[in-house]
Every structure is written in structure tokens, then in C-alpha cells.
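Subject: The model we talked about

Hi there,

Here is the structure I promised to pass on. Please open it next to this note, and I will walk you through what turned up.

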Amino acid sequence: MIEFFRSCDWIANVFGIVVVLVTYAIGLWKWLLFKIRIQKIDSVIPSQFESTWSAASGKHIATVAIVDDQPLDFPIDELTLAGFNISSFTQVHLVDIPKLASYDIVFLDIKGIVKDNPEYGGLILIAELRRINPTQKICAVSSRTFDPTATEFFKQADSQKKKPLTAQECKAVIETFIQQVFDVANVISNARAVYASMPPKQKKVVLNDFKHSLLHNEGADVFDSTLSAAKVNTSEMRRVVVLLYRMIHHAC
Amino acid sequence: MHVKDLFSTGAIKQPWPLMVNGTVIGISEMGISKTCKNKCGRQPACSEHAQEGEHTCKHGLSCLSTSIANNRVTVYGVRGEENNTPINFFNRAGLKGRSITKKEFAEWVITVNRLLSGFESEFGKRQAEMLDPLHDITRLAKQISIISNRIVQADVTSVAYEEQVDNASPELKTLVKAADLLNDSFDLLVIYFNPAAAKFGGVHSINMHGLLRKLVAIFCIDYHGEIVTDSKIQLSGACYTNVSVYESFKLIPFAILTNAVKYSLEGIIRVLVTDSCPIIHVSVESIGPYIEENERDIIFHKKGRGKWASTLRDGKGVGLYLASVIAKAHGITIKVSSTTNGKKLQGNIPLAMNIFSFAIDSRVPLP
């Protein structure tokens with residue numbers, strides 16, 4: 001019996017070496033799988049998403065805010081009937097700026113819209129909106145273009161229109177902005193870049209949250225709060241991922 | 001007020017002799033150096049010195065130059081920190097007690113700039129106050145345009161807007177075009193009061209032929225089938241390349257056409273657009289008063305007018321100036337040529353074929 005075991009010592013040697021090698025190989029394989037999996041945000045992007053996304057899809061999810069003390073200068077009813085998601089504010093406080101910054105598109109007047117500064121509140125507002133959300137599209141709506149003291153206001157806007165605005169003008173501005181904000185190729189490439197800059201563990205959490213929120217049909221605001229919990233602290237990073245989520249959520 | 005005139009009032013402290021754009025102000029506390037008086041006379045040689053910073057002239061004196069509100073301001077006849085000229089018997093009178101440090105000069109420049117920006121800000125506020133009534137007028141003009149267009153679009157027999165305008169009554173057609181003309185004139189006025197407005201409104205893509213066709217239609221106001229304007233405008237050529245421009249761009253051809261309509265004395269006004277992809281050429285040809293060679297630059301300056309044009313029509317020299325302001329904002333230049341045809345009006349005004357043209361490169365991004 002003893003002789004038998006003695007004659008099999010080579011098996012023990014082989015067994016010892018093979019087990020170690022296999023263990024290492026499995027570990028390496030798992031690590032590689034983990035790396036491959038976490039490196040792809042594309043795993044949450046449905047196939048055909050890029051090719052099927054259209055401006056019409058953007059129209060359904062774009063949020064538009066009109067900030068003007070004379071809302072009758074805007075064809076709000078016509079725009080709502082046309083399917084745009086419009087919110088109107090006659091006056092805002094400076095503390096409301098973060099809320100206003102969450103809109104994709106803002107029509108902004110310069111005078112009489114900020115309770116804390118009725119004369120040139122729009123100027124303060126536009127600068128703050130630009131700082132908080134640089135990707136937001138702003139159309140300056142005022143006839144004060146002749147006023148040199150309002151130059152800074154107009155310079156910071158993406159577009160400028162004289163009041164009163166026709167439905168045709170508003171639609172043209174909104175549609176141009178929607179194309180720019182929801183440019184699918186641009187959104188995906190930004191999301192990839194942001195995702196690539198995250199630490200590996202955060203990547204995994206973000207991907208899991210993304211999939212979980214999509215699966216449970218959760219709104220963008222809920223997903224945004226889960227991102228905060230996942231310590232995606234930079235608002236710029238969160239905005240990019242949330243924008244991709246909004247688009248995919250709508251497409252699914 | 002020009003910077004030179006402001007210094008000449010003596011209201012601004014001038015510790016050292018000063019020149020603005022090469023012109024001696026001559027009311028400084030230090031007074032002009034004897035060396036400057038003896039060697040250079042009334043026009044110091046350092047007036048030619050355009051470079052920023054300190055410079056020592058051949059007579060051993062320093063001058064310090066800087067730019068204030070786009071004016072070259074030079075302090076001269078002083079002894080700067082970089083001046084190593086040894087004081088001797090001959091130059092003692094001209095150099096002694098005339099030292100200046102860079103810090104002193106920089107501090108003085110800061111105070112002058114502070115004063116000028118204070119003036120600028122106050123002027124801006126006052127201008128905004130004075131122009132405030134324009135706010136309601138431009139609004140009303142736009143309202144007229146919207147309502148007239150809405151009436152035109154009520155015609156359900158036609159689908160295209162241009163067709164609807166063609167089918168409209170002569171009175172309505174006139175109203176639509178006059179309202180457009182009024183709005184464009186207000187837009188031009190805005191650039192006059194605030195040249196920075198030439199770059200407002202972001203960049204958008206336009207088709208040059210479409211823009212010119214619309215403008216030409218505005219200028220031909222019909223009334224009972226007759227053309228009211230004295231001149232007939234003919235658009236020819238084609239353009240398939242779109243260009244990216246600011247909102248104000250349309251005012252360039254608008255101002256040139258307004259000028260042509262105003263001064264056209266015989267024949268038709270020809271508007272030609274040529275697409276030599278990527279460059280698009282636009283020219284407006286009309287027969288009007290001869291533009292002298294030396295005036296071909298001046299007419300694009302504020303209040304600048306041609307000699308023969310002034311004798312023929314009243315004007316303020318604003319339209320072409322504004323066109324050039326907007327052209328500059330787009331990085332393009334308006335060219336003008338004037339060739340006499342041998343005819344004369346009222347016995348002495350020479351007639352000429354005047355051609356205003358510009359070219360825009362669709363590849364070049366806007367400044």
C-alpha cells in the first residue's frame with residue numbers, strides 16, 4: 001500500500017502544480033472578465049440605439065423653461081400643443097437657479113425676471129446658469145440689443161430673439177437646440193469619456209445602477225440620486241451619464 | 001470725447017510731458033525738457049516710436065509708451081529706469097529732475113484707465129436710458145410684422161408662404177414688406193448704437209441666394225401692380241453652398257441695397273451672386289454718382305460720405321458704415337469700384353457704374 005503511494009508521488013507533484021496554475025488561471029480569467037465588463041458602458045446601450053434615435057425622440061424628453069415677466073410674448077399653448085415640454089416662470093429668485101439649471105433649454109429675458117434684482121437680474125442669472133450647467137442652451141429674448149450695458153447678457157446666450165416670438169420662431173430655436181443637446185453620437189462619446197475616467201469600483205456601481213434603474217423604469221431624477229449615492233460627485237460627470245440614461249430610458 | 005481732447009482739458013493729472021497718437025499735449029507739471037526743445041523742436045522724434053515700454057532716444061532722454069483706449073500714449077523727455085546716459089555739463093539741464101519709474105508710469109496708466117472706464121460705464125447707462133423708448137417701438141414693429149404675416153398665412157388656397165404673399169392684396173403685400181423693411185431698419189439701428197450686437201444671436205447657416213431673394217422682394221413694394229420704388233432690382237446667379245453667419249449678416253446686403261436704391265439714378269440695380277465653392281461672391285451694381293478714388297475708404301467710415309452723393313441726396317453716412325461694422329464682425333471686407341460712364345447729371349454730377357461687392361468663404365470659421 002505504502003509502495004503504491006510512493007510510486008504515485010509524481011501525481012502529487014503534478015496535482016500540486018496544476019492546482020496552483022489552474023487557480024491562478026481562474027483568478028486571471030475572472031480579473032480579465034471584470035476588467036472587460038467594467039470598461040464598457042456600451043453594454044447598457046441598446047443595439048440600434050444610435051441609428052434609431054431621431055430629433056423627434058429628443059422633442060419628447062427635452063425640457064424647456066420660459067423665464068419672462070410677459071409670458072404672453074410666447075406662444076406657450078401652441079408649443080405645448082406641438083408636443084414640447086414647456087414650463088413658464090414670470091419671476092424667479094436667485095435661490096431657484098439650480099432648479100432652472102436643470103432644464104435643457106431656457107428662453108431668458110434680461111429685465112424684470114429676478115425678484116432680487118429687477119433691473120439686470122437676467123445678467124446675473126445667465127452667468128450662474130452658464131456656470132452650473134454649461135451644456136444648457138439659452139436663448140436671450142429681449143429687444144434691448146441696442147443697450148450697451150446688456151451686451152454681456154447677449155454675448156453669453158447661444159441665440160437671441162426679439163419679442164414677441166412667433167410659434168415658428170420658437171420651434172426653430174427649440175429644434176436646433178434639441179439637435180445639439182441630444183446629438184446621440186456626441187452624448188455616447190462624452191459618456192464613454194466620463195466613464196473611462198471613473199475608478200473601477202465606481203464604474204461597476206454606475207453600470208449596475210444604470211441597468212437597475214432601466215429595468216425598474218425609474219425616472220432620470222431617481223437615477224441621478226443613485227449616482228450621488230455612488231459618489232459620482234462631479235455634476236458634469238453626473239449630467240453626462242444622466243443625459244445618456246434619459247435618452248436610453250425614452251428609447252426603451 | 002477722444003482721449004487726446006480729454007488730456008487737452010487738463011482735467012487729468014499729467015505729471016510728465018505727454019503725446020497722444022504723436023500729438024504733443026503740452027500742459028504737464030514737469031514741463032518740456034530743454035533738450036527736447038533744442039534738439040527736436042515742436043515734434044519730438046520719439047513721436048515716431050510706436051513700441052510699448054521704455055525707449056531711450058539719441059539725445060539721451062527716455063520715452064515710455066502704452067495704449068490707452070486704443071490710443072498710443074507716450075510720456076517723453078524723461079529719464080527712465082533703463083536710461084544709462086551719464087549726466088554731464090551739456091545734458092544736465094535737460095536730464096536733471098526728470099526721473100520716472102516704471103511703477104509710477106504704470107500706476108498713472110491705471111488711474112487714467114479707471115477714469116475712462118468710469119466714463120464709458122456712465123455713458124453706457126445714459127445711452128441705455130435714452131434709448132429705452134426704442135424698446136417698445138421695436139416691439140411694436142415686430143408685432144405689425146407678425147400680424148401682417150398671420151393675415152397672409154390665413155390664405156388656405158396656397159401652401160407655400162411666398163405663394164401666399166403673391167396672392168395677397170396689394171395693400172397687404174405692401175404692409176408685409178414695409179413691416180419687414182421697418183424691422184430690418186431697426187436691426188441696423190441697433191448695430192449703430194451697440195456695434196457689439198453684430199455678433200449677437202449665435203451662428204446659423206444660410207443660403208445666400210435665398211437671403212438676397214427675400215431682400216430684393218422687400219425693396220420692390222407693389223401697389224396696385226406698380227413698383228413704388230424708383231429703382232428696379234434684378235437678382236441673378238445661383239448659390240448652392242450654405243454659409244455660417246451671425247444673425248446680423250443679412251444687414252450687409254440690406255445696407256448695400258438700401259444705398260443702391262437711394263443713389264441709383266438710371267437703369268436697374270443688378271444683384272449678382274456667384275458660387276465658386278467654397279467662396280461665395282455677392283455684388284450690387286447700380287448707376288449713381290461717381291465715388292472719387294480717395295472716398296472709397298471714407299464712405300465706410302462713420303458719417304463718411306462721397307462728394308457727389310452729398311450734393312444729390314441728404315444722408316448721415318451711416319448705412320455703409322454699419323455694413324462695414326457687420327462685415328468686420330464676419331471677417332470680410334466690402335469692396336467698392338466706381339467707373340464713370342461719361343454722362344453728367346444736372347450738368348456737373350458725373351455718373352458712374354458703382355459696384356459694391358464682398359466675398360465670404362464657407363470654410364473659414366467666424367471670428
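A definition to begin with: the expected span of a helix is 1.5 Å times one less than its number of residues. Helices here are DSSP runs of H or I with at least four residues, strands are DSSP runs of E with at least two, and both are numbered from the N terminus. This is a predicted model, in which local features need pLDDT of at least 70 and side-chain atom pairs count only at pLDDT 80 or more, while totals for chains, interfaces and linings use all residues. Residues are numbered from 1 along each chain as its sequence is written, chains are lettered from A and ligands numbered from 1 in the order in which they are written, and side-chain values use heavy atoms, with hydrogens and water left out.

Helix α11 of chain A (residues 200-215) has 16 residues, so at 1.5 Å a residue it should span 22 Å; the C-alpha atoms at its ends are 23 Å apart, which agrees. Which residues of α11(A) are buried? They are Gln202(A), Lys203(A), Val206(A), Leu207(A), Asp209(A), Phe210(A) and Ser213(A) (buried means under 20% relative accessible area, exposed over 50% and partly exposed in between, with a 1.4 Å probe and protein chains only). These residues cover an arc of only 165° around the axis, which puts them on the same side of α11(A); the arc is that of the directions from the helix axis to the C-beta atoms. Lys201(A) and Leu215(A), on the other side of α11(A), are exposed. After α11(A) comes Asn217(A), with a positive phi near 55°.

**A helix pair in chain B**

Two packed helices are described by the angle between their axes and the distance between the axes. In chain B, the axes of α7 (residues 170-193) and α11 (residues 319-329) come within 10 Å and cross at roughly 75°. That makes α7(B) roughly perpendicular to α11(B), a label for angles of 65 to 115 degrees. Leu188(B), Ile191(B) and Tyr192(B) of α7(B) meet Tyr321(B), Leu322(B), Val325(B) and Ile326(B) of α11(B), where contact means heavy atoms within 4.5 Å.

**Backbone spots to look at**

Most residues other than glycine have a negative phi, and most peptide bonds are trans. Where is the cis peptide bond with omega of about -10°? This bond joins Lys163(A) and Pro164(A), and Pro164(A) sits in the loop between β5 (159-161) and α9 of chain A. The bond from Cys277(B) to Pro278(B) is cis as well, with omega near 10°; Pro278(B) belongs to the loop between β11 (266-276) and β12 (279-289) of chain B.

Gln48(A) has a positive phi near 75° and is exposed, at 57% relative accessible area. Asn21(B) also has a positive phi, about 50°, and is partly exposed at 42%.

Best wishes

Conventions:
Axes fitted to C-alpha atoms, helices over the stretch in contact; angles between N-to-C directions. Parallel < 35°, antiparallel > 145°, perpendicular 65-115°, else oblique.
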